[in-house]
Every structure is written in structure tokens, then in C-alpha cells.
Amino acid sequence: MPTPTYIPIATTTLASATYSASFSGITQSYRDLVLVLSGKCDVNAATLQMILNNNTGYNYYTVVFDQGPSSYQDEGNYMRIGTAGWWTNQQATMIATLNDYSTTDRTKQVLVRYGSGTTKMGFTLGHYNQSAAISTVTVRTDYNGAGYLMAAGTTLTLYGIAG
Amino acid sequence: MSMKLIGTVTVGAGGAATIAFSGIPSTETDLVLSVSLAPSAGNNNVLLSFNGSSTSFSSQYIYGTGSATTGGTRSDNVFGALAGLSTTVFSNAQIYIPNYAGATNKSFAIDTVTENNATVSFQWLHSGQWSNTAAINSITLTAADSFVQNSVVSLYTINKVASA
């Protein structure tokens, strides 16, 4: 179990409604990364996606367990974060842990907790089938259009966890 | 190191009805509570209060028992299984509250397990909201029964700004 040091690497607070936010040039000096999002989708039922190392190939597999309770699988060109509409116009929390992100000998696993008080919540396990170290993490909504964006004031912070 | 211990409360002999932290500084970014509790009787619910308020809470949850899963919603401040499973089976839980000092409603996540090396146990995931824009300066956990001796809760802060 890594020491939970939560050393801040970078943070951003969105000045306006935004489709995508990225952290690039991530230092390789930690064992794990934790990405914390506190915010909301601006109007509609968007969900979130994660892209690693700007790779939009068919390399992502996700299992979702949500409050239904239900569980389902997704795969494609992005890692799915959450049930549709999970943070629609609701202050919400998303905590993603990227385990062993700096290794080059294994594919990458991402654990995500997401939810709000009155819409939806759940847990996802994401798999990225590439072994390169993670140096860029992008979070975006599933539709680049007004009403489906991360709202102004949404904060994303990336922490390093010492191993 | 941005994660700092603010305080730890350990329940003494005779148990306690509540565990509270007050005077939380508003200078940090997130709060994390590390929770290990056990109930004095059969009710493992915990009532959560922020700034002395037990109203304006809402939440959703999923839990598994080892043989079934259930999900649902609540419109109060009651959080299941956070107080453990029995007088000798303590919970292992984390409460994460991001942006606790911001001027928005407060969203938080609670993850709890109460494994007891038996066929029935609990894993609960909660997603909650306190619909209040005030900075959180105190947190109280109130037992549905009471917390047994050696129940312990630690409060940490996390800051998104690197220290010099």
C-alpha cells in the first residue's frame, strides 16, 4: 500500500465551460496518480471520458458498477467515467486512481469513484492496454457542444502518491 | 507533503455517542476522514453533520452483502455500515470531501467495507451532497447506537498547492 502523501502535481480551475482539460508532462517520480474532480456538467446529461497519452485508439475497456445496481462493460477509443448524466447540473465528486502509471512493463488500470448527491453514482474499473508510462491525462465530456461541457468553476487536481 | 493530519479521536472506555472535529481551517483544499468504528448494538448507521447541520443532505448508495447487491437514494444524513458490523467487527472506511471550503454545495464520497471472514458482510459506496455553500468548519459523526471503545477516526487535509 503506497504511502498516501497526495503531493500536488498540477491543478486547474475552469474559467468557463470547457470540453476538455489535460495534464501533460507528468513527472514519473511517483508510484500512483490520483485525479480529483470537484464540479459539475453545465446543463445536460453528459458523462466523462479519460484519454491517456493523447491516445484515441481502440485501447480502452471499462466495467461500470452503478447505483441501479447494475454492471456493464464498455470499450472503445476512450475510458468511460460514469453512468450517463451522473453529474448533470449537480456538484459532484470524481476520484480516479491510476496505479503504477510510470511503469513500462504492464498495461494500466484506473479505479474511479464518481457521484453526486441526487443524480447517479458508481464505480468504474478502466483498463488501458498500453504499457508506456503515462505522461498525459485528459478528461473530457462525451459531447463537445454547449450544454454538455464541464461547468465554469470545476476544479481538477492531480496528485502523486509515493511508492 | 500536502496531506496533513488535523486530529484523531479514539473512543475510550464506556463508548461514545459522537465523534467530532471542530475548528477545521478553511485554508486547505480537500478533507479526508479515515474511519474505523464499531457499534454497541445492531445498528451500524452513522448520522453525519457538517457545521452542526443535519439537514440538506442527500445521497445515493450501492452495497453488496456477499450474495446480493442493492442501490438506492436517501434524503437524510444517514449512512449505512459506516459504524461497522458488530461490536467486534470495525468498519474500514474513507470519507473524501473535495473543495470543502469552496462556495458551492458540498459533494463527497464514502467507501466502507466490513469484512468479517464470514459469508455475510458489507461493502458500501455512498455518494452524498450537503446542499450548503458554507465552508465546512466542523464535522460530527453520530452513532445510531453508540461507538464502542477503540473506535477511531482521523481527519486529514489535502492541499492542491505544492508547499515550498
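Select strand 4 and strand 7 (residues 79-81) of chain A: the two strands pair in the antiparallel sense over three bridges. The model on your screen is predicted. To see one of the contacts in this pairing, pick A:Q49, whose bridge partner in strand 7 of chain A is A:R80.

Pick A:M50 in the viewer; the bridge partner of A:M50 in strand 11 of chain A is A:V139.

Now show the side chains of strand 4 of chain A, residues 48-52. Are these residues buried or exposed? Five of the five are buried, so the strand is mostly covered. Turn the view to look at one side of strand 4 of chain A, where A:L48, A:M50 and A:L52 are buried.

**Chain B as a whole**

How many helices and strands does chain B have? There are zero helices and twelve strands.

The C-alpha atoms fill a box of roughly 50 × 35 × 30 Å along the principal axes. A compact globule of 164 residues would have a radius of gyration near 15 Å, and chain B agrees with this because its own value is 15 Å.

Colour chain B by burial next: buried residues make up 49% of its 164 residues. Among contacts in chain B with a separation of 6 or more, 77% are between residues 24 or more positions apart. Switch to a surface view of chain B, which exposes about 6600 Å², with carbon and sulfur atoms supplying 48% of that area. Then mark the charges of chain B, 4 positive and 6 negative; their mean positions are 13 Å apart.

Strands of a sheet pair through backbone hydrogen bonds.

Keep strand 2 and strand 11 (residues 139-147) of chain B in view. Five bridges join these antiparallel strands. Pick B:I19 and look across to strand 11 of chain B, where B:L141 stands opposite.

**Two buried residues in chain B**

Select B:F147, which lies in strand 11 of chain B. B:F147 counts as buried because its relative accessibility is 0%. Leaving out residues up to four places away in sequence, B:F147 touches several others, including B:V11, B:I19, B:L37, B:V46, B:A83 and B:L141. Draw a distance from the C-alpha atom of B:F147 to that of B:A81: the two are 66 residues apart along the chain and separated by 12 Å.

Finally, select B:T114. Where is B:T114 found? B:T114 is in the loop between strand 9 (106-113) and strand 10 (123-130) of chain B. This residue is buried, with a relative accessible area of 0%. Show what surrounds B:T114: among the residues it touches, beyond those up to four places away in sequence, are B:A81, B:G84, B:V89, B:F90 and B:F122.

Methods: Residues are numbered from 1 along each chain as its sequence is written. Chains are lettered from A and ligands numbered from 1 in the order in which they are written. This is a predicted model: local features need pLDDT of at least 70, side-chain atom pairs count only at pLDDT 80 or more; totals for chains, interfaces and linings use all residues. Side-chain values use heavy atoms; hydrogens and water are left out. Buried means under 20% relative accessible area, exposed over 50%, partly exposed in between (1.4 Å probe, protein chains only). Helices (H or I, at least four residues) and strands (E, at least two) are DSSP runs, numbered from the N terminus. Two strands pair if DSSP finds at least two bridges between them. The radius of gyration is taken over C-alpha atoms; the globule rule is 2.2 Å times the number of residues to the power 0.38. Contact means heavy atoms within 4.5 Å. Accessible areas come from the Shrake-Rupley method with a 1.4 Å probe; for residues, only the protein chains shown count as cover. Lys and Arg count as positive and Asp and Glu as negative; His and the chain ends are not counted. The place of a charge is taken as NZ of Lys, CZ of Arg, CG of Asp or CD of Glu.
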